[in-house]
Amino acid sequence: MRLLMDCGGGAMHRMAVIGVRWQDITHVALSHFHADHISDLALLISAWRYGDLPPRSAPLEIIGPLGTATLLGALAGAFGDWVLEPGYPLVIREIEPDGMVDLPGDVRLRARAVPHTDESVAYSVEHDGRRLVYTGDTAFDAELGRWARGCDVLLAECSLPADMAVPAHLTPEECGALAALAEPSHLVLTHFYPPVERVDIAGIVAQRFRGRVTLANDGWTTEL
Ligand SMILES: [Zn+2]
Ligand SMILES: [Zn+2]
C-alpha cells in the first residue's frame, strides 16, 4: 500500500526527480478539488499506462470527498474515457466529511471536514500506533487542532503572511497556534505562496510552538 495525498501541478515530475516510486502508488486521497491539489491527476493516471513498462495492471483507488466521482467524470469529459478506463482497474471511493476507510496494510484513513471549500477535508493516516494528520487547505480551526492532538506528524498548509491573510488559508501565526493545540512530534509546513516566503516562517511558528518544525521544499527557489 502506498498512499499519495493530493496530486497538484508538478507532483508527478517532482516524485520522479527526487526518486519517489510513483509507479508503486496504490491509493490517492484528495483533500479537495482546487487545481493545485488535483491538476496532475489525469497525468498520473496516464503515466501509469504509458510512462512505465510493462503498463500498470494493479488497481488504483482514488479516495476523496463527495463529488470525487463527478470530478473524475469531468476529467474524462475533457480528456477522454481513458481517465476512467485507463487499462487497469480504477476505483473511486467517496468518503463522508467525517468518514473513515480502512486501507490494506492495517492503515486507517479518517477524514474531517475543514473550512476551505464545501467539500474540503483534512486526513488522518494511522498505522501501528503512529499517526500523520494532513490539513489539506483550511482556515484556522481550533477543533482541527484538537482532532490532531498527539499526532506524530502534522502536515499543515501555510499559504500567506499575516498582512495578506485570507479567511480560507493559514498564516504562519495560525500554523503555530494550530500546532500548539495539536502538539505534534513534528510539524511540517507546506503549500507556501511566494509572499509567505518573505517572512521568517519558522521564527513566527516558534513563538507559539516549541516542537520540531520542518518547512517543505520542492527544490525550486523563489526570487522575490
Ligand atoms: Zn484550496
Ligand atoms: Zn491549495
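A salt bridge is a side-chain nitrogen of Lys or Arg within 4 Å of a carboxyl oxygen of Asp or Glu. I note that the model examined here is predicted.

**Entry 1: the whole chain.** I counted 7 helices and 11 strands in the protein chain. I then looked up the radius of gyration, which is 18 Å and close to the 17 Å that the globule rule gives for 224 residues, so the chain is as compact as a globular protein of that length. I found that buried residues make up 46% of the 224 residues.

**Entry 2: charges.** I recorded 17 positive and 30 negative side chains, with the centres of the two sets 6 Å apart. I found 7 salt bridges in the structure.

**Entry 3: strands E6 and E7.** I looked up Glu126 and Arg110, which form a salt bridge with their closest N and O atoms 2.8 Å apart. I placed Glu126 in strand E7 (residues 121-127) and Arg110 in strand E6 (residues 107-113), 16 residues apart. I also noted that Arg110, Glu126 and Arg131 are linked in a network of salt bridges.

**Entry 4: a buried pair.** I found a salt bridge between Asp141 and Arg112, the closest N and O atoms being 3.9 Å apart. I located Asp141 in the loop between strand E8 and helix H5, whereas Arg112 lies in strand E6, 29 residues away. I noted both Asp141 and Arg112 as buried.

**Entry 5: helix H5.** I found Glu143 joined to Arg146 by a salt bridge, with 3.1 Å between the closest N and O atoms. I noted that both residues lie in helix H5, 3 residues apart, about one turn of the helix. I recorded Glu143 as partly exposed at 42% relative accessible area, and Arg146 as partly exposed at 40%.

Key. Residues are numbered from 1 along each chain as its sequence is written. Chains are lettered from A and ligands numbered from 1 in the order in which they are written. This is a predicted model: local features need pLDDT of at least 70, side-chain atom pairs count only at pLDDT 80 or more; totals for chains, interfaces and linings use all residues. Side-chain values use heavy atoms; hydrogens and water are left out. Helices (H or I, at least four residues) and strands (E, at least two) are DSSP runs, numbered from the N terminus. The radius of gyration is taken over C-alpha atoms; the globule rule is 2.2 Å times the number of residues to the power 0.38. Buried means under 20% relative accessible area, exposed over 50%, partly exposed in between (1.4 Å probe, protein chains only). Lys and Arg count as positive and Asp and Glu as negative; His and the chain ends are not counted. The place of a charge is taken as NZ of Lys, CZ of Arg, CG of Asp or CD of Glu.
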